[in-house]
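Me: I would like to learn how to read a protein model piece by piece. Can we start with the sheets and go on from there?

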Amino acid sequence: MLKMNNVSKIYRTDLVETHALRNVNLHIKSGEFVSVTGPSGSGKTTFLNLAGALETFEEGDYFLDGQNVKGLSDDRLSEIRNEKIGFIFQSFNLLPDLPLFDNVDVPLRYRGMSTKERKERIEHALETVGLASRMKHLPTQLSGGQQQRVAIARAIAGSPKFLLADEPTGNLDSLMAQQVMELLEDINSKGTTIIMVTHDDQLARRAHRNIQIFDGQVSDIEKAVAKDVMRSA
Amino acid sequence: MFNYNLQLALKSLRDKPSLTFLTILTIAIGLGFYTTVKTMSYQGGQVPLAHKSKNIFLVQMDNREITAEEVAHQSRLVDTTYKDTLNLMAMDLPGVKQTFNWSTYGILNVEDENINPLRTFAAVTSSDFFTMFEPPFLFGNGWDKAIENSGEGVIVISKLMNDKLFGGKNSVGENVRIGTHTLKIIGVLDTWHLARKFYDRSFSTARPDNFFIPYTFAMENELPRRAGFDCWAGNADISRSFRTENTERLINSECSWVTFWAEIPDDQVESYNQQLHNYIEEQKSLGRFPREILTYVTNLNDQFTYINGRNDFMNVFSLISTLFFAVCLLNAVGIILAKFMRRTKEVSLRRALGAKKKTIIAQHIIEVVIIGFLGGLLGIVVAHFGLLGMMKIALYSSDYTRQLEDLQPLYALDFTMITNAFITGIVCTLVTSIYPIWRLCNTPPASQLKSQ
């Protein structure tokens, strides 16, 4: 489902070369819930950006849902992001001046869906996160946890195969974090592959599998708790 | 997708209304000034008689001595001698009309004693003046060749003079006196809009003459001649006297002072030139026309190309307005750039969620086109008032000797100029906004997503 072979990412300036990721070899199967941990600056976000086709890389191959994304055009990468990937960010990244309905609508608009289909998907997504009654509210009228749930609704509205979550609970208190985590687990239980970057060891342990990144190098740790959940491999 | 991009563009314009208004106002002021000047230049440079301007020719024959200095352009050259004028008029030229003119002056009276005598100028011309140059008639007509040949004292007056002397009524049949001569009015012109008074070669923005008198009457009665006499072959010393006396000597002299025009159909131009050449050859055998290049037959279009190109005041004014518009555009683009750069996080997010680069470009092009359109719209309003102001200044600087209705065509925003203003506003705003749009659409999708 997601396969990286010897992928490296180097940031270059006139004076310095920074190896953000070195020879990453990774295989994530369909339906997995994978947590990614590591210290600050270790390359977690870079890994997530590469996985989400938000950045290009110099070396190696990256197969997403069977397609090698290396060398694809900018337009094609946009299509892949739109159709196959849902993004959840630590800071929610909702558009503050748009109602919840329109926020969730953004990725669907770029897919060229009909008005009717978009409406159905948006309402369903907001229902899933428990905010269907507030679709005309602005993000600023919601709590942090609710905003993150809207972001999750936006991520799942297009029925992507992957959810990439970058510290989705980082800005939330423990109760809210718990609710968001349960929501992600629920989504995963319905077959969506989730890769979640987190600093929280407790949350990381709830994933099927944990990947640690240290100095741009990935070590893949099979989790004991994951033993019975590998469904769709 | 267009509808969605349009919605986003309109929303963006509404989000910061004061900034949007400032951008539009900046463009409008620059475009308004630019359009004001361009309209003045365009209207002032309009070639009269556009439907046949390529067929209306100024005819010049260079009868100067062989030692005379070369001139930079034929527009600098002399007019025509009276004897050549009459010889050309006598030529048999099928389909060709010819006329000529000079100016006279005098004290004009009417029978109504309540009207003060006025010092005035008048155009002296031939009957085809009216058929060639097509001034509009309010009452009556011009004179025909029979009247012309009879030497009868007739006159055509302008609407302005008809209003002033006869209270605007139909004055055909009334008499006026110029000096001691009585002339019967046979025609009253309506307002005659000429962007430039071309027929006397002044190309000035002054209004056309108020009186037109047949040349036969003027010569027979020795009306004074208001002309520059370019005399060769020994008449230079008495040339000034030709204004009021020595008519016989002037008629037979080599002094050029008559402005000669011909209306020549396309298929007759070559033939006309040939006949002119034959005439010169004939005259050469009589010892005249010593120079090599002797005739210039220049149509109105070519004359206006030359005149407009040498309108230094308007050219400089035009350059200043263009530079001012450019400065305004740069300021507007600065505002647009700042506004767009505040949007990098949103663009980054939209790109991450699947927006293609070209979609982002389209969204912002729509926004810029709307700004350009509104700038164009407001610019036209600014230009309207700018032209109104310039017209008032022109009225003031003429000491109110000119009428508003004479000036209005020179300061009129017509369909062409309005269209130009819109296109200029939109295209210039779009072109100068390429950089802000390029900067924005090249925002990497991942660059702004991590920050708070």
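Me: In what order do the strands of the open sheet of four strands in chain A lie?

Reply: The general idea comes before the case. Strands of a sheet pair through backbone hydrogen bonds, in either a parallel or an antiparallel way. In this predicted model, the four strands of the open sheet in chain A follow the order β2-β1-β4-β5, and their pairing is antiparallel. β2 (17–28) and β5 (67–68) of chain A are the edge strands; each has a single partner strand, so one side of each is left without a neighbour in the sheet.

Me: How many bridges join strand β1 of chain A to β2(A)?

Reply: Eight bridges link β1 (residues 2–12) of chain A with β2(A), and the two run antiparallel. To follow one of them on the screen, find A:Val7, whose bridge partner in β2(A) is A:Val24.

Me: Now a strand seen from its faces. Which residues of β7(A) point one way, and which the other way?

Reply: In a regular strand the side chains alternate between the two faces of the sheet. In β7(A), A:Phe162, A:Leu164 and A:Asp166 point one way, A:Leu163 and A:Ala165 point the other way, and all are buried. The strand, residues 162–166 of chain A, is therefore mostly covered: five of its five residues have 20 or more other C-beta atoms within 10 Å.

Me: Which strands pair with β7(A)?

Reply: Strand β6 (residues 85–88) of chain A runs parallel to β7(A) and is joined to it by four bridges. Strand β8 (residues 193–197) of chain A also pairs with β7(A) in the parallel sense, over five bridges.

Me: What about a residue in a loop: where is A:His199, and what does it touch?

Reply: A:His199 sits in the loop between β8 and α7 (201–205) of chain A. It counts as partly exposed because it has 15 C-beta neighbours inside 10 Å. Leaving out residues up to four places away in sequence, A:His199 touches A:Glu167 and A:Gly170. A:Gly38 is 161 residues from A:His199 in sequence, and the two are 7.1 Å apart in space, C-alpha to C-alpha.

Me: How do I read a helix, and which residues of α1(B) are buried?

Reply: An α-helix has 3.6 residues a turn, so residues three or four places apart point the same way. Helix α1 (residues 2–15) of chain B has 14 residues and reaches 20 Å from its first C-alpha to its last, close to the 20 Å expected at 1.5 Å a residue. B:Asn5, B:Leu8, B:Ala9 and B:Ser12 are buried in α1(B). Seen down the helix axis, the buried residues of α1(B) fall within an arc of 100°, so they line one face. They pack against α13 (357–397) of chain B. The face turned away from this buried side carries the exposed residues B:Asn3 and B:Arg14.

Me: Last, the two chains. How many residues of chain A are in contact with chain B?

Reply: Contact involves 22 residues of chain A and 19 residues of chain B. On the side of chain A that touches chain B, α1 (44–51), α2 (74–84) and α3 (100–109) of chain A each supply at least two residues. The largest share, six residues, comes from α2(A). By class, this side of chain A has seven nonpolar, seven polar and eight charged residues.

Key:
Residues numbered from 1 in each chain as written. Chains lettered and ligands numbered in written order. Predicted model: local features only at pLDDT ≥ 70, side-chain atom pairs only at ≥ 80, totals over all residues. Pairing = 2+ DSSP bridges. Buried ≥ 20, exposed ≤ 12 C-beta atoms within 10 Å, placed from the backbone. Contact = placed C-beta atoms within 7 Å. Nonpolar A, V, L, I, M, F, W, Y, C, P; charged D, E, K, R; others polar. Expected span 1.5 Å × (residues − 1). Arc of directions from axis to C-beta.
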